[in-house]
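Hello,

Here is the structure I promised to pass on to you. Have a look at it first, and then read my notes below.

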Amino acid sequence: MPATRPLPAPMIELWRGGMLESTHLGHAVICDASGDIVESWGDPAAVIFPRSSCKMIQALPLLESGAADAHGLTDRQVALACASHQGAAIHTEAVTRWLSDLGLSDDDLRCGAHEPYDTAERNRLIKADAKPCQCHNNCSGKHAGFLTLNRHLKGDAEYVAVDHPVQRAAKQAHEEVTGESSPGYGIDGCSAPNFATSVHGLARAMARFAAATGTGDARDRAMHRLTRAMGQHPEMVAGEGRACTELMRAMDGRVAIKTGAEAVFIAIVPERKMGIALKITDGGTRGAEGAIAALLVKLGVLDPAHPAALKRLDAVQKNWRGMETGIIRRAPAFP
């Protein structure tokens, strides 16, 4: 009989009235610089779509190719290339300027338009009776990076096609840093291919980012710059009130973290030369944010008493009248 694969592990619980109401199960891996597993929960070999958690991998060709330097990209723009942003003014204005510098416009993006997550920008559009544009898409920074690389590679306009030079470069980078041949791809919400990997492979890739010194080859320098840019510009990676921004600020930019849709989360921890990857199997953001906070506390890089940590772990729940109704906390065996 075939070997039984490990089941998802309980990670985050919601308690109400002294009773366990909900449990978020998942898979998580902490890797060291050699790619070995330091500790894991659930099934390290579980194959997942990393979704937006791998945007720094997708941005590797932008830096490695020399396209970023050729177009004078700042670290703020490099962070934006890794972003799932709010569509706030600081994000849309930055993307618009970036496109303008390339001689391009919103029409050249292939990410699609959606309502901004930022309340102020959403209200501005409503009051102006205006529709959101593609720059409001949370992935528009990544797509500005794709367009910059595409200009460098002299590709055609349909840069999200899986056989386009931009996406071939992204796939090659993905397979090299995860150390795995991808078993397939899915189309992400922003229309770009998203290449599957194991949780271990994703953690291995993040550990390689964590071990980069900025003094090695083009890949080492690219990994180091991407990690540093995310940590130094957390407001560009997500936005106000978001876990990525708040937790990176709480760690003073020493750690780069990134969420992905369907409850994926990664962390790059340079001072420990370690990478983290996790996937909550029910796809719930609440579970993923609590789990990444717990693992960052475990590694000693996040103060458990910091408000950004308490908001997601050991988090008291209140109803609309301000009454305490329950608590979100880690499961007994995690982490």
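The largest cavity holds about 50 Å³ of space. To find cavities, a 1 Å grid is laid over the protein atoms alone: a cavity is a set of points where a 1.4 Å probe fits but cannot get out, while a pocket is an open set with protein on both sides within 12 Å along at least five of seven lines. Points are joined across faces, edges and corners, and the volume is the space filled by probe spheres set on them. Lining residues have an atom within 4 Å of a point.

Before you go further, please note that this is a predicted model, in which local features need pLDDT of at least 70 and side-chain atom pairs count only at pLDDT 80 or more, while totals for chains, interfaces and linings use all residues. Residues are numbered from 1 along each chain as its sequence is written, and side-chain values use heavy atoms, with hydrogens and water left out.

Back to that cavity. Its lining includes Gln58, Ala59, Lys142 and Phe146, and helix α7 supplies the largest share, four residues. (Helices, H or I with at least four residues, and strands, E with at least two, are DSSP runs numbered from the N terminus.)

The second largest cavity has about 40 Å³ of space. Gln58 is among its lining residues too, along with Cys54, His174 and Phe195. Strand β6 gives the most to this lining, with three residues.

What about the largest pocket, and how much space lies in it? The answer is about 440 Å³. Of the 26 residues that line the pocket, Ser84, Tyr117, Asn138, Gly260 and Ala261 lie nearest its centre. Helix α13 provides the largest share of the lining, three residues.

Next, look at two helices. The axes of α8 (residues 165-178) and α9 (residues 199-211) come within 7 Å and cross at roughly 90°; axes are lines fitted to C-alpha atoms, for helices over the stretch in contact, with angles from 0 to 180 degrees between N-to-C directions. That makes α8 roughly perpendicular to α9, a label for angles of 65 to 115 degrees.

Finally, there are 17 salt bridges, each a side-chain nitrogen of Lys or Arg within 4 Å of a carboxyl oxygen of Asp or Glu. In one of them, Glu158 pairs with Arg110, with the closest N and O atoms 3.1 Å apart. Glu158 is in the loop between α7 and α8 and Arg110 in the loop between α5 and α6, so the pair ties together parts that are 48 residues apart in sequence.

Enjoy exploring!

Definitions and conventions:
Parallel < 35°, antiparallel > 145°, perpendicular 65-115°, else oblique.
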